[in-house]
Amino acid sequence: MDILRPQLIRIDGRIYRKNPIQEQNYQHEEDDEDFFEGGAECPEEPCEAYVVVQTQQGFQCSIRAPSLLYKHIVGKRGDTKKKLETETKTTINIPRPGQEGDIVITGQHRSGVVSARTRIDVLLHTFRRKQPFTHFLAFYLNEADVQERFLKFQEEVLEKCSMDRGVNGTIFQKPKKLHLTIGVLVLLSEQEIQQTRELLQQCKQEFIELQELADRVLERFQSSGLIGKEGSHVKLHATVMNTLFRKDPNAEGRYNLYTPDGKYIFKERESFDGRNILKLFENFYFGALKLNSIHISQRFAVDNFGNYASCGQIDFS
């Protein structure tokens, strides 16, 4: 990393410089217990940046975080938590594993409490980005006409291109799962799912033309921290063929190449030759439909009709 151009990360409207993370591996221990050494060096925070209350014991600040991320604040053998407490002269109380609640920071000095809060925020942000995506915002394309046209497309592709390398029926999407993705999310608690529902409702007042709508929704969710800032423009598309479907009918794009604890795994994939498909079907008509809702869809889950299970939606028809 160029020390003169360090990586910058934005959390709740504030920008921090992120120093390299040095991870130590211990033999005979769980790999998913990431140990955080060093981490992010943060600027001095104004006292107004967080809600810090004065108590009889000093000062206190609370952080709401999903229980799945607690272990990254504790660290292996509690090393990360001890390091934070020592360097900021605070006490950090974390709920037990599996229990939801606030992380509570207490200390004699307001500046120490704010420093601990800032460093915990950076830790949570860092390890949240390592989690596999759990949900996505999408327009469903499950109208009967579109599904019938999709099946017609599949039939014609297999009729005309089945001799091309790797082209067979296993790489086609399921008709009832056709959708346009706006963005993917990491929602690690019911509270975060509810936050997503509320945020989506707020977007309902700003509906405009489709591309601008998708971009505005993405921008709003990026500002909230629920979607990573990896781009500001949505490339609206529907996946109709994917080689991941060949071995896993429930696969959903490149995002299933991670284990549940967020580690990348390599999957050998058999590619296919799509040149003839692009040439013969570049103007294929899949039908028309009215997009009248945005769904919070859950990965690897379907409803009784075979669609992606929806955790919430907004209707604007």
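Strand S6 is joined by 4 bridges to strand S7 (residues 102–107), and the two run antiparallel. Strands here are DSSP runs of E with at least two residues, helices are runs of H or I with at least four residues, and both are numbered from the N terminus. Two strands count as paired if DSSP finds at least two bridges between them. Asparagine 93 has valine 104 in S7 as its bridge partner.

This is a predicted model, in which local features need pLDDT of at least 70 and side-chain atom pairs count only at pLDDT 80 or more, while totals for chains, interfaces and linings use all residues. Residues are numbered from 1 along each chain as its sequence is written, and side-chain values use heavy atoms, with hydrogens and water left out.

S6 and S7 belong to an open sheet of 4 strands, ordered S4-S5-S7-S6 with antiparallel pairing. Strand S4 (53–55) and strand S6 (90–93) are the edge strands, each pairing on one side only.

Helix H2 (residues 79–88) and helix H3 (residues 110–128) have axes that come within 9 Å and cross at roughly 150°. Axes are lines fitted to C-alpha atoms, for helices over the stretch in contact, and angles run from 0 to 180 degrees between N-to-C directions. H2 is therefore roughly antiparallel to H3, a term for angles over 145 degrees.

The table lists the residues in contact (heavy atoms within 4.5 Å).

| Helix | Residues in the contact |
|---|---|
| H2 | Thr80, Lys83, Leu84, Glu87, Thr88 |
| H3 | Gly112, Ser115, Ala116, Arg119, Ile120, Leu123 |

Methods: Parallel < 35°, antiparallel > 145°, perpendicular 65-115°, else oblique.
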